[in-house]
Amino acid sequence: MKVVGIVGPSDAGKTTLVERLVPALAEHGPVGTVKSIHHDVELDEPGKDTHRHRTAGAARVVGVTPSLTATFRPVGKADGGEAGALERALAEFDDAAFVLVEGFADSPHPKIAVGDVAEDALGGRVLARVPDGESADTAELVAAVRALDDV
């Protein structure tokens with residue numbers, strides 16, 4: 001699996017770039033994504049069965065609908081920091097050829113920097129720098145990602 005961070009300031013076009021890279025990379029294998037969220041949000045609906053299972057103390061709750069499967073676990077960035085949270089998330093991708101990670105600028109994984117990002121604000125090597133997500137050359141970025149070693 002090849003892991004690449006998509007990093008940059010707010011509104012630089014990171015999500016736009018992810019939206020463009022996913023289908024381009026999917027031509028070469030399954031693609032997963034991880035998104036760093038900087039504030040707490042409730043992804044499960046309070047009062048629904050999956051939420052009730054989780055608040056009762058289940059270590060993992062999996063909800064399966066006709067078209068989606070969602071996993072809820074009571075563990076996040078507060079449990080082992082951002083690095084631990086990212087590694088736990090990446091461990092979920094046993095069937096992905098590529099994983100795009102939006103955020104987690106300090107991670108050791110190679111990065112595509114979107115917009116104005118200081119070199120010293122990033123962990124890992126910078127694979128490419130693009131001014132925004134819309135004008136980036138996706139073919140060039142896909143070639144660079146495909147050339148990476150698996151993690």
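## A walk through the chain

Start with the whole chain on screen: counting contacts (heavy atoms within 4.5 Å) between residues at least 6 apart in sequence, 58% join residues at least 24 apart. What you have open is a predicted model, where local features need pLDDT of at least 70 and side-chain atom pairs count only at pLDDT 80 or more, while totals for chains, interfaces and linings use all residues. Residues are numbered from 1 along each chain as its sequence is written, and side-chain values use heavy atoms, with hydrogens and water left out.

**The whole chain.** Switch to a cartoon view and you'll find four helices and seven strands. Those are DSSP runs numbered from the N terminus, with helices being H or I of at least four residues and strands E of at least two. Trace them along the sequence and you get β-α-β-α-β-β-α-β-β-β-α. Along the principal axes, the C-alpha atoms fill a box of roughly 45 × 35 × 25 Å.

Now try colouring by burial, where buried means under 20% relative accessible area, exposed over 50%, and partly exposed in between (1.4 Å probe, protein chains only). Buried residues come to 37% of the 151 in the chain.

**Next, select residues 2–7.** This is strand β1, and six of its six residues are buried. Which residues sit on each side of β1? K2, V4 and I6 are on one side, V3, G5 and V7 are on the other, and all are buried.

Click on G5 and look opposite for K111 in β6.

**Last stop: L21.** Show helix α1, residues 14–26, and find L21 in it. Is L21 buried or exposed? L21 counts as buried because its relative accessibility is 0%. Which residues does L21 touch, leaving aside its neighbours within four places in sequence? Display I6, L100, I112, T138, L141 and V142 to see these contacts.

Conventions
Pairing = 2+ DSSP bridges.
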